[in-house]
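Open the model in your viewer and follow along, one selection at a time. Keep the sequence in view as well.

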Amino acid sequence: MPMSYRVDHGLRLVHAVGRGTLTDSEVFGYQREVWGRPDVSGYKELVDMTQVSTIAVPSPARVRDLAELAAGMDEPSKSSKFAIVAPSDVAFGLGRMFESYRSEMQKGTKEVAVFRTMEEALAFLEIEGPLAIPGTD
């Protein structure tokens, strides 16, 4: 399973972890499945790319498409934060591209930031770790 997630209602957080080769269809599928749920509306989001070995994105335009889809699924009346942990240069670069596109979207209400470490991401989200890792239960 390249992408798994856990919803922590106590923290109001969706924590996702990518593994192995991650394709754009898996990321789009995650976006639609999770953020289509009304019970996570306005929650913070944490995506950990530490265990991803390859990111198979057909073009940078798909990153913009994902940013547009994600911004359109934000709860308009609730702002929140979205942290991406991306230690590899490729994941970090794509994450920053996504962050830039999201910041341009008028309908988006999430503040997106990309970090090299989990500690930095948790500080940004104002969450004390450690967190249970999705897909390990």
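This tour goes from overall confidence to the sheet, then to its helices and a cavity.

**Colour by confidence**

Start with pLDDT, since this is a predicted model. The chain averages 92, and 97% of its residues reach 70 or more. Among the elements, E4 has the highest mean pLDDT, at 97. H2 has the lowest, at 93.

**Select the sheet**

Show the five strands. They form an open sheet in the order E1-E2-E3-E4-E5, with mixed pairing. Look at the edges: strand E1 (3-8) lies at one and strand E5 (110-115) at the other. Each of these two pairs on one side only. From one strand to the next, the twist averages 15 degrees.

**Zoom in on E1 and E2**

Now pick E1 and E2. They run antiparallel, joined by six bridges. Find aspartate 8; its bridge partner is leucine 13 in E2. The two strands make a hairpin, with four residues between them. Select arginine 12 in the turn: its phi is positive, about 55 degrees.

**Move on to E2 and E3**

Which way do E2 and E3 pair, parallel or antiparallel? Strand E2 (residues 13-23) and strand E3 (residues 44-56) pair in the parallel sense, over ten bridges. Select leucine 22, then isoleucine 55 in E3; the two stand opposite each other.

Show helix H1 (residues 24-35). This helix packs on the sheet and touches E1, E2, E3 and E5. The direction of H1 makes about 160 degrees with that of E2. Next, show helix H4 (residues 118-125), which also packs on the sheet. H4 touches E2, E3, strand E4 (80-85) and E5. The direction of H4 makes about 180 degrees with that of E4.

**Look inside**

Turn on a cavity display. There is one cavity of 30 Å³ or more. The largest cavity has a volume of about 380 Å³. Its lining counts 22 residues. Select Leu22, Val27, Met49, Leu66 and Phe98, the lining residues nearest the centre.

H1 gives the most, with five residues.

Finally, colour the lining by residue class. You will find 16 nonpolar residues, three polar and three charged.

Note on methods:
Residues are numbered from 1 along each chain as its sequence is written. This is a predicted model: local features need pLDDT of at least 70, side-chain atom pairs count only at pLDDT 80 or more; totals for chains, interfaces and linings use all residues. Side-chain values use heavy atoms; hydrogens and water are left out. Two strands pair if DSSP finds at least two bridges between them. Axes are lines fitted to C-alpha atoms, for helices over the stretch in contact, and angles run from 0 to 180 degrees between N-to-C directions. Contact means heavy atoms within 4.5 Å. On a 1 Å grid over the protein atoms alone, a cavity is a set of points where a 1.4 Å probe fits but cannot get out, and a pocket is an open set with protein on both sides within 12 Å along at least five of seven lines; lining residues have an atom within 4 Å of a point. Grid points are joined across faces, edges and corners, and a volume is the space filled by probe spheres set on the points. Ala, Val, Leu, Ile, Met, Phe, Trp, Tyr, Cys and Pro count as nonpolar, Asp, Glu, Lys and Arg as charged, and the others, Gly among them, as polar. pLDDT is the predictor's confidence in each residue, from 0 to 100.
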